[in-house]
Amino acid sequence: SWRFVVEEREKRRARETFSRFLAPAVVEDLLGTSGQLRLGGEKRDLTVLFADIRGFTTLSEKLDPRVLIELLNEYLTPMTDIIVQDNLGTLDKYIGDAIMAFWGAPVPDADHAKNAVITALEMQQALHGLNPELLAKGWPELKIGVGVNTGTMTVGDMGSPVRKAYTVRGDAVNLGSRLE
């Protein structure tokens with residue numbers, strides 16, 4: 001009984017943690033497959049994507065803070081859906097106006113590079129559809145840069161006792177950021 005309670009509590013904690021940056025179906029698959037998740041960290045071949053709004057600093061200085069947040073939310077919502085829901089990527093984090101995501105972990109994906117490139121193309125296409133809506137609201141048109149790189153990365157639960165995040169690190173990640 002005690003083991004059941006502890007295991008269920010751990011599954012609930014994992015479900016809450018991963019549901020912030022993975023599609024619900026992926027979370028359920030991950031929790032249902034024993035031995036697949038290694039939070040401590042490991043080296044794996046993965047693909048990382050960075051996307052950034054061009055000229056965001058200048059843009060943010062011109063807009064009212066409430067409008068800026070509304071604009072960011074209008075942009076980040078469809079982009080995140082493309083990553084997580086449509087292409088089963090892992091949303092790593094938002095860095096100001098930038099998005100960082102990766103493929104191939106926590107659930108292995110043999111097509112991680114292909115899925116990340118498809119995501120980059122779909123993000124660009126979605127922006128073409130989003131810009132008329134932004135202009136109709138009197139907001140500026142957005143342009144983004146996207147960088148994708150595949151290579152060996154360290155992936156796992158990193159941080160401090162106060163706050164940890166499931167993320168990737170390494171030269172291949174840095175190169176992905178530079179490509180963006």
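Predicted model: local features only at pLDDT ≥ 70, side-chain atom pairs only at ≥ 80, totals over all residues.
Let me start with the aromatic side chains. Searching the whole structure turns up one aromatic pair. The two rings belong to Phe102 and Tyr166, with centres 6.1 Å apart and planes at 40 degrees. Stacked pairs have planes under 30 degrees apart and edge-to-face pairs over 60, so an angle between those limits is called tilted. That is why this pair counts as tilted.

Where do Phe102 and Tyr166 lie? Phe102 is in strand β3, residues 98-103, and Tyr166 is in strand β5, residues 164-169. The pair therefore ties together parts that are 64 residues apart in sequence. As for accessibility, both Phe102 and Tyr166 are buried.

Next, the charged side chains. How many salt bridges does a search of the whole structure find? The count is six, and I will go through some of them.

Take Arg54 to begin with. Its side chain meets that of Asp52 in a salt bridge, at 3.7 Å from N to O. Arg54 also forms a salt bridge with Glu180, where the closest N and O atoms are 2.8 Å apart. Arg54 sits in the loop between β1 (42-53) and α3 (56-62), while Glu180 is in the segment after α6 (171-179), so this pair ties together parts that are 126 residues apart in sequence.

Are Asp52 and Arg54 buried or partly exposed? Asp52 has a relative accessible area of 17%. The limit for buried is under 20%, so Asp52 is buried. Arg54, with a relative accessible area of 41%, is partly exposed.

Another salt bridge joins the side chains of Glu74 and Lys137, at 3.3 Å from N to O. This pair, too, links distant parts of the chain. Glu74 belongs to helix α4, residues 65-86, and Lys137 to the loop between α5 (112-136) and β4 (144-159), 63 residues apart. Glu74 is partly exposed, with a relative accessible area of 27%. Lys137 is also partly exposed, at 43% relative accessibility.

Arg54 is the residue to look for on the screen, with its salt bridges to Asp52 and to Glu180.

That is what I have on the side-chain contacts.

How values were computed:
Residues numbered from 1 in each chain as written. Heavy atoms only, no water. Salt bridge = Lys/Arg side-chain N within 4 Å of Asp/Glu carboxyl O. Buried < 20%, exposed > 50% of the residue type's maximum accessible area, 1.4 Å probe, protein only. Helix = DSSP H or I, 4+ residues; strand = E, 2+ residues; numbered from the N terminus. Phe/Tyr/Trp six-rings, centres within 6.5 Å; stacked < 30°, edge-to-face > 60°.
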